[in-house]
Amino acid sequence: MLTFNAQPKITKKLSSQLVIASLLSFGLAACGDSYNDSDNTYTPPVEPPMEYSYSLTLTNLTYGQPLSPIAVALHGDTKMWQVGQAASVALEKLAEGGDNTDFIALAENLATTSSDGPVPPGSSVTLAISTTEAMAKYLTVVTMLVNTNDAFSGLTGVDISTLTVNQEKSWRLNVYDSGTELNNEAVGTIPGPADGGVGFDAARNDIDLVGYHSGVVSKDDGLSSSVLTQAHRFDNPAVKLTITRTK
Amino acid sequence: MKVIKKSPIKTALSVLALAFASSTTMAQELSITVTNLTQGLHFTPVVTAAHSNENRLFMLSTMATTELQTMAEGGDISGLVSMLTNADANINENPAGGLLAPAMSASFTLTNDSANTHLSLAAMILPSNDGFVGLDSWEIPEEAGTYTVFLNAYDAGTEANDEVRGSGAPGEAGMPVPPPLDASIGMNGTGVTDMEANDKIHIHRGSLGDDDMSAGKSDINNSVQRWLNPVAKLTITVL
């Protein structure tokens, strides 16, 4: 595999060889017609960039939590969130409102895709992603559990460069809390069908550190302000993810 | 779990080493990070130890030792530390220098003697009556690499989960409330239960909590201080 830095060097070397070659053939051609001078048109073969393609299948394992459109990104060695650190605004928008537009647009991403719509409980979605970027060795997948204040599931910064073609790898994913919105489960604060409330709110009124989610309480289990019922409760894991390298 | 593969040369050397000293395993150096994954629980001082396979810090479905009870009800690890010292364990105490706050991590190194092949960890979770985060005898891999282990919350089975303010002394009712937690824990709870029917160590059923900070059954805040397992992550790098 050619690294980005090595390529100009090789081109330089090739072009100086070409100059010598063409000078030689020019001289030979001048001497007679016994040589075919079509060698003059020789151009170095352009190495087509290596393409890596993957198929990802994500299954919603919950009882009553639709998953917002799944964001998938390939990028360099970085993590898009970490337990104990504040969520980015892009992650906050996704975790509070299910909107992955900003997350997909993050500058770190080298290749991205998104499912067309939400993934209902019990359903799966399969997505394809390809890249020719040699640096795009790390995977991030993220989605919101929409009947919550700011719960999301996914994984980030996972090295997939060791996968061989047709090799498959699976994870069972736990649920994070972006820490950006109180889990009051109140009317008007939950974007999913349980409420149809507001998604993203720029104010951060929770711990402002990403951590694992403590689960929803619901009005049936003692949170009187909650718009959620027993049917919206969930446990870990919430999502199954399988990746297969296809190319 | 991610394993860094050995180079063929290193493997060949290991085979040679094994051939010359088949019964001796070298001491290992471990770089360990414990992360409190929750957003609403504090961990009291953590004790981590490498010990022989014959010893256990705790074991599911058995009665807690007095030392474990003391840790689980009040966060005091001194009893467990002396127990481990007597068993020639390699011990790390209190890497966070006090409470390990929600979503925070603490890192330390531990060099384990060749006989100490298994790793265990314990710390009380707050607020709780006798809940603790634990790791019971994880076999330390011989292969260099970074390993991740997720930890669950256990119940020592030594105290009723009444979920009201009280004592951290072993055998006394109620939850200890150190100053950093005072403002986040309710008052005047009437008590969730006075029974502890299962007196053996078991997976914690979770706290009930309620949404009333000045009354109700529980002094635990149900939308902040409940949890789902796992509650902690241990990242262990075998050097």
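Let me start with two helices of chain B, where the axes of helix α2 (residues 66–74) and helix α3 (residues 78–86) come within 7 Å and cross at roughly 145°; axes here are lines fitted to C-alpha atoms, for helices over the stretch in contact, and angles run from 0 to 180 degrees between N-to-C directions. Helices are DSSP runs of H or I with at least four residues, strands are runs of E with at least two, and both are numbered from the N terminus. This is a predicted model, in which local features need pLDDT of at least 70 and side-chain atom pairs count only at pLDDT 80 or more, while totals for chains, interfaces and linings use all residues. Residues are numbered from 1 along each chain as its sequence is written, and chains are lettered from A and ligands numbered from 1 in the order in which they are written.

Coming back to the crossing, the contact is made by Thr66(B), Glu67(B), Leu68(B), Thr70(B) and Met71(B) on α2(B), and by Gly79(B), Leu80(B) and Met83(B) on α3(B), where contact requires C-beta atoms, placed from the backbone, to lie within 7 Å. These residues divide into four nonpolar, three polar and one charged, with Ala, Val, Leu, Ile, Met, Phe, Trp, Tyr, Cys and Pro counted as nonpolar, Asp, Glu, Lys and Arg as charged, and the others, Gly among them, as polar.

Which residues of α3(B) are buried? They are Leu80(B), Val81(B) and Leu84(B), a residue being buried if 20 or more other C-beta atoms lie within 10 Å of its own, exposed if 12 or fewer, and partly exposed in between, again with C-beta atoms placed from the backbone. Seen down the axis of α3(B), the buried residues fall within an arc of 100°, so they line one face of the helix; the arc is that of the directions from the helix axis to the C-beta atoms. The face turned away from that buried side carries the exposed residues Ser82(B), Thr85(B) and Asn86(B). The buried residues of α3(B) pack against β3 (47–51), α2, β4 (90–93) and β6 (118–126) of chain B, and after the helix comes Asp88(B), whose phi is positive, near 60°.

Turning to chain A, four strands form an open antiparallel sheet in the order β4-β1-β10-β7, where two strands pair if DSSP finds at least two bridges between them. Its edge strands are β4 (124–131) and β7 (168–173), each pairing on one side only. Eight bridges join β1 (residues 52–60) of chain A to β4(A), and Leu56(A) has Leu127(A) as its bridge partner in β4(A).

Finally, 21 residues of chain A are in contact with 17 residues of chain B.

Methods:
Two residues are in contact if their C-beta atoms, placed from the backbone, lie within 7 Å.
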